Amino acid sequence: MDHTQLGSTGLKVSVAGLGGGGSSRIGLGKGRTDREAAALVRAAFDRGVTFFDTAMAYGTEPAVGLALQDLPRDEVVVCTKSQVTTDGRMLSADEIRANLDASLRTLGVGRVDVYLLHAVRPEHYEHALALREALSRERDAGKIGHLGITETGPFDPGHEMLQRATQDPAWEVVMLAFHMMHQSARETVLPQTMANGIGTLLMFAVRAIFSRPERLREAMRELADAGEVPSELAALDEPLAFLVDEHGAESVIDAAYRYVRHEPGVDVVLFGTGEIAHLESNIASILRPPLPEAATARLRSLFAHLAGAGLDLPTGR
């Protein structure tokens, strides 16, 4: 496993991070039990993964907590999150502190390494700043290692919230959406995270648009109809086959992970899975060398202007 520093936090982390969200939810989305999901977390650790991401909203904190009982706590970095709204209203400072305490109990830990305000929309950013003040006191009390914030890709494809947040170094970690057909963070977010030493967690590297061929074909047709991509792409059964046929990727999914992994400014690439074989395949792709320059240049030429392609909400939740 390759490791890196998570921004300026001082945390050494694996470049591949196991995500507890998405449609798979470490197997829970496929009907697995908490104990089976915990076994998958332990299997990821055995294969070198040391960064584990979960959230109150995902329902995977119990499984991660079970896994942590058998893992050396000082060798793993645990990240969890709380949303800033519930039932259409803003959470209070007391409620956000209560959510933190509930997550700590569920995870079975006294301290979480990274705590994020979850899926913050642009219109809720000022409230997130107020909640950060409350959580800063919890950090001073030793319950939190580092504070951060995540965007909501499907509802903020232009990264409006993170364009504000990444100008503020008090946010130590951010989670952002970036993939082969949604590259806008390269210009709008990543320069600021690098300049301010903010750690980055990369989500949406692979979602349905790359894992389900029919979803990719549908997206290409929609984009071609809107004049956003060449019409010949929409006519192909495998619009991104050139990544495999011409540039040596193992698959479109392999290309997708390699593309984001080697983007300047990306620290941890999060991946979701519910199966051991899929776990191993994802890790292998994240650890492979960059795509050839000709491949990345073509992807930029075709898709760099897009914003929001493939940012589908998870299914099954």
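Modeller: Two residues are in contact when they have heavy atoms within 4.5 Å of each other. This is a predicted model, in which local features need pLDDT of at least 70, side-chain atom pairs count only at pLDDT 80 or more, and totals for chains, interfaces and linings use all residues. Residues are numbered from 1 along each chain as its sequence is written, and side-chain values use heavy atoms, with hydrogens and water left out.

Biologist: How many helices and strands are there in the protein chain?

Modeller: Along its principal axes, the C-alpha trace spans about 55 × 40 × 35 Å. Helices (H or I, at least four residues) and strands (E, at least two) are DSSP runs, numbered from the N terminus. The protein chain has 14 helices and 12 strands.

Biologist: What percentage of the 317 residues of the protein chain count as buried?

Modeller: Relative accessible area (1.4 Å probe, protein chains only) decides: buried is under 20%, exposed is over 50%, and partly exposed is in between. For the 317 residues of the protein chain, the buried share is 55%.

Biologist: Is S184 buried or exposed?

Modeller: S184 lies in the loop between β10 and α6. Leaving aside neighbours within four places in sequence, S184 is in contact with P157, H159 and L306. Its relative accessibility is 15%, so S184 counts as buried.

Biologist: How many residues are in the second, separate core?

Modeller: M180, one of the most-touching members of the largest core, touches F210, L240, L243, V252, A255, A256, Y259, L299 and F303, not counting residues up to four places away in sequence. The second core is separate and includes V77, C79, L116 and A177; its residue count is 17.

Biologist: Why do the buried residues of helix α14 lie on the same side of α14?

Modeller: The buried residues of α14 (residues 293-303) are A295, L299, L302 and F303. The arc, taken from the directions from the helix axis to the C-beta atoms, puts them on the same side of α14 because it is only 70°.

Biologist: Which helices do the buried residues of α14 pack against?

Modeller: The face of α14 turned away from its buried side carries the exposed residues E293 and S301. The buried residues pack against α9 (213-225), α10 (231-234), α11 (242-245) and α12.

Biologist: Is the pair of Y125 and W171 stacked or tilted?

Modeller: Rings of Phe, Tyr and Trp (its six-membered ring) pair if their centres lie within 6.5 Å; planes under 30 degrees apart are stacked, over 60 edge-to-face, and the rest tilted. The whole structure holds 2 aromatic pairs. The centres of Y125 and W171 are 6.4 Å apart and their planes at 45°, so the pair is tilted.

Biologist: How many residues apart are Y125 and W171?

Modeller: Y125 is in helix α4 (residues 125-140), while W171 is in the loop between α5 (160-165) and β10 (173-177). Both residues are buried. The pair links distant parts of the chain, and the separation is 46 residues.

Biologist: Is the pair of F178 and Y259 stacked or tilted?

Modeller: Both F178 and Y259 are buried. Their ring centres are 6.1 Å apart and their planes at 5°, so the pair is stacked.

Note on methods:
A nonpolar core is a set of buried Ala, Val, Leu, Ile, Met, Phe, Trp, Tyr and Cys residues joined through side-chain atoms within 4.5 Å.
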